[in-house]
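Please look through the sequence and the structure shown here. The paragraphs that follow go through a few of their parts in turn.

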Amino acid sequence: MTNPQIEIQVIAAVVAIACAIPGVFLVLRKMALISDAISHSILPGLVLGFFLTHDLNSPILILLAAITGVITVILVEAIQRTGLVKEDTAIGLVFPALFSIGVILIAKNANDVHLDVDAVLLGELAFAPFDRLLISGIDLGPKSLWIMGVILLITITLVILFFKELKISTFDAGLSASLGISPLVMHYGLMSVSSVTVVGAFDAVGAILVVALMIAPAAAAYLLTSDLKKMLWLAIGFGVFSALLGYWVAHWLDASISGSMTTVLGLVFLFVYLFAPQKGWIAVLYRQKQQRTEVSLLTFLLHLNNHSEENERHINHLQEHINWQRVRSKTVLDLALKNNMITISNEIVSLTTKGKQFTELALEYILTNKDEKIEPMKDDFFLFRG
Amino acid sequence: MSLFDYFDQVFSDYTLRTITLGTAVLGAACGMLGSFAVLRKQSLLGDAISHAALPGIALAFLITGTKDTNLLLMGALISGLIGTFWIRGIIKKTHLKTDTALGLILSLFFGFGMLLLTFIQKQPNANQAGLDKYLFGQAATLVESDVTLMIFVTLMCALVLLLFWKEFKILLFDADFTKTLGFNTRFIDILITFFIVLAIVLGLQTVGVVLMSALLLAPAAAARQWTNRLSSMILLAALFGAFSGVFGTAISASQNNLSTGPVIVLVAAVFVLISFVFSPGRGLLFRELRFRQNRRDLQLKKTLQLMHSIAKTHDDISHPHAIRILNNFQGFTKRSLQKMEEKQWITLQQHHWSLTEKGYFAAENMFNETTHDESTN
């Protein structure tokens, strides 16, 4: 690895961490799309800032653009408050308009602005190591690393200082208000941090991929845990992993670094989405299938409990009367047999003592709807695990 | 070329005519289908779908190697649909919320598309230039066959809309009721989503991936302000969309260096702004006016009540009282006194007022009257 290569990877990792932390809170607060809105609408702020400072890495420009981001949030909320349109429509109206203004500003001043629209969407990580911070002639490393490093440091400090407040206001705004922690301050604090992060990361990964770096690690982590601290660590881990792997994929394909970082993130999310042990797609499908069978089993047992007549308890009767298909009937019968709940003699099904007990317990649960009735059954059955 | 020249040439010049017709038809189709997206609270679905279409375009180019618009749009349609169904999957199967699902698909698909686009650009042999027009759209590249396709699809949308009008409408406003009536809600749902995706894909060439959602939303959001009827809303939205298309094209054609997409979006945004402020029923301006009117009425009635309570204690209700004594309480302005005189509730003599018979009666019956007013309004 050459020196610039190492530097690019360090920058990518820092950007990923800086995005993942606010991303977790945005996802938990159901405001993921605000990051999309901010990342688009900072463009006019960025362009105006550039006219003033002529330096893409100037702190003033970052501040200006970040203020545009916060203004977007305020504007969206103002439109929502009028009640003229639904809240998602408000987001969808504000950011394309602001983004259009930005694009037009760039197009009209194409000669003066060293910014092109592709760079806005994609950023250019590959050039980041060449713009170096020089103080009295001493090379202190790439500028964007310094900028993102400072932003990351601020974010981490704020999260550690206000972790409790953030947690409470995220999960229970009412409680946090009654405890004297203003949800509004937390809200705008988070919005400001997100805004600054988006602007800082913008240069490196572009407007839309910033959204991916914020949302995807957090969403993947959310599928794996419901502990806030673990979720933060997991999100950071996913972010850094995708950033590093993405860099090498881009190196191999000779394509955009940020594009391949997002693609790796997408694959990571897809993997987690499919295979997450509790909340993944396969786990959910399996659980739903299992629950369906168990509901059938319960219906069947209740049916047996209600009828002593032989013709109601004949094996074929299941198909004829309850209208189950053959496979389903067989699955249910097998399950009941395996659990020693029924015995079959001469194709006539009858409940065993265990089956009878179980049915009565279940019936009691259905009637009273009290959880403690089913505590001992929970280990055997998905159905009662909620 | 100035705006004037544009309108001068729009009927004679082939290119201008094609482009204008194309953007107008596109705007109309988007307005029509966007109404459903807005009312179904799926406004941002359009944003996600349009971004999700990008890898489809790039893949279609990579596989076939041609730049035939129809093929590329086919790819966009397929990847847009995949994105849509993945979003549904995420929302239905996991505890992730709609916003997260939309943001995920939007950014992940777009990132993948950008990876493919940059990969294509580095290929030595390909005639790849021109794929990036799908990012911001270039109405100038529209040719007659594109416009024919747009018109065809728009007419088809309109036809299906008319055929399934009742089903769409009922699903929109009460999904559960629709289900109990025995309609196949899943089918209707998929049908309408499919057409929304189709409209988005058609617009990619003109408005581009990034801004397409605005063209879908803005005309519908503007139209919503003027009416409470679905049919009029759809017609209005189509009209707004078409006008945004035409004006946007006109402005961008009359200036150098202006892509059509952002201009169309800005024109549509102006429509929204005007509708928000000036629509008579819901608009902010008239709402504020009504609000003030109500406040003034209330103040007037408050003063009248005060006068009534003073006059009640006298044998002669028209006994004059000094205006000054009203000052000790709240709720009197010069204007409200004049207004009360206009209504013949009181008579004013220099520094005195006296309640009239009519005013006394009005104060007595104020609460009956207000309830009566409200029921007739």
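**A sheet, a helix crossing and the confidence**

His321(B) stands opposite Trp353(B), a residue of strand S3(B). The model is a predicted one. The two residues belong to a pairing of strands: S1(B) and S3(B), the latter made of residues 352–355, run in the antiparallel sense and are joined over 2 bridges. This pairing is part of an open sheet in chain B, where 3 strands follow the order S1-S3-S2 with antiparallel pairing. S1 (321–322) and S2 (346–349) of chain B are the edge strands, and each of them pairs on one side only.

Chain B also holds a crossing of helices. Helix H15 (residues 284–311) and helix H18 (residues 357–364) of chain B have axes that come within 9 Å and cross at roughly 110 degrees. Angles of 65 to 115 degrees count as roughly perpendicular, and H15(B) and H18(B) are therefore roughly perpendicular to each other. On the side of H15(B), the contact is made by Leu304(B), Gln305(B), His308(B) and Ala311(B). H18(B) contributes Gly359(B), Tyr360(B), Ala362(B) and Ala363(B).

How confident is the prediction for chain A? The mean pLDDT of chain A is 83, with 90% of its residues at 70 or more. Among the elements of chain A, helix H11 (residues 228–253) has the highest mean pLDDT, 93. The lowest, 67, belongs to helix H5 (residues 117–122) of chain A. Where pLDDT is low, predicted coordinates should not be read in detail.

Conventions: Residues numbered from 1 in each chain as written. Chains lettered and ligands numbered in written order. Predicted model: local features only at pLDDT ≥ 70, side-chain atom pairs only at ≥ 80, totals over all residues. Axes fitted to C-alpha atoms, helices over the stretch in contact; angles between N-to-C directions. Helix = DSSP H or I, 4+ residues; strand = E, 2+ residues; numbered from the N terminus. Parallel < 35°, antiparallel > 145°, perpendicular 65-115°, else oblique. Contact = placed C-beta atoms within 7 Å. pLDDT = per-residue confidence, 0-100. Pairing = 2+ DSSP bridges.
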